[in-house]
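Dear colleague,

I am passing on the structure below, and I would be grateful if you could look through it alongside the notes that follow.

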Amino acid sequence: MAQRPVFIPRFGNELLVETRMVEFTWHPGVTVSQKQKSIASLHQAAIQQLGLGAVLEISTKSPVPLGVALSAFNLAFRTQSGARALPVEVIYQSAKVFTNGGPYLDIRDKTPIEAKQDSRLKESGDLLRFESGGVSWELEPKTAFYDWVYLNVLRRHSELAEQVSQYEGFTDIEFNPSKSVNCQAYSVALFVALTQRQLLEQALQSRDDFIATITRFSPGETQSDSGFNRVLF
């Protein structure tokens, strides 16, 4: 047995996204077929244990094309010239600033896998902040910068944005909260919650607006100063 989180967008006055841990049967193996068996088991358990309707896996292992398209490796921001398509993962990794270097903007010329595995990301000391579009992001709230990037890119894919509203919960079979912080499935759930509450456009006006919105529903998080983010990435 294994446990994974299911992220549920909420539309009332409580949390924007509720995280529920679900126990399910794990199918060992690294092949896509084995991963999809685990996903099916996780979703069945989520429906039974949490009373959810449709649940969507957000990863390259998803059995649903929509879930694959929403992977941070595939969901991409196209520059104004149209010459480049920058996946969410590449934007995120290229914005990291460490004690001994960064941001490494040349990472934007790499594939998502190459970007994530760039040796400088492990050899440049402690992570201090993120810099993107002329704006500096602190490490708190913990997932704010990653979510900002993901939501801004998803908003530009209207056909994908419309489809996610059909689902009540989101998962990422590879995400283990004891080992990682950011999660693409959480970001999608946050997008749905903000959209349904009609808060998305206001939240994405600037870094300050975004942090103010998410901390409004997350007591204890901190907010810091920044300017208006007109150049997104």
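Is Phe-210 buried or exposed? With a relative accessible area of 0%, Phe-210 is buried, where buried means under 20% relative accessible area, exposed over 50% and partly exposed in between, for a 1.4 Å probe and protein chains only.

Please bear in mind that this is a predicted model, in which local features need pLDDT of at least 70 and side-chain atom pairs count only at pLDDT 80 or more, while totals for chains, interfaces and linings use all residues. Residues are numbered from 1 along each chain as its sequence is written, and side-chain values use heavy atoms, with hydrogens and water left out.

The structure holds 12 aromatic pairs, a pair being rings of Phe, Tyr or Trp (its six-membered ring) with centres within 6.5 Å, called stacked if the planes are under 30 degrees apart, edge-to-face if over 60 and tilted for the rest. The pair of Tyr-92 and Phe-130 is tilted, because the ring centres lie 5.3 Å apart with the planes at 35°, and both residues are buried. In the pair of Trp-148 and Phe-210, the centres are 5.8 Å apart and the planes stand at 70°, so this pair is edge-to-face; Trp-148 is also buried, with a relative accessible area of 0%. One aromatic cluster is formed by Tyr-92, Phe-130, Trp-137, Phe-145, Tyr-146, Trp-148 and Phe-210.

The charged end of Arg-120 sits over the ring of Tyr-104, 4.4 Å from its centre, the criterion being NZ of Lys or CZ of Arg within 6 Å of the ring centre and within 35 degrees of the ring normal. Arg-207 lies over the face of Trp-137, 5.5 Å from the ring centre.
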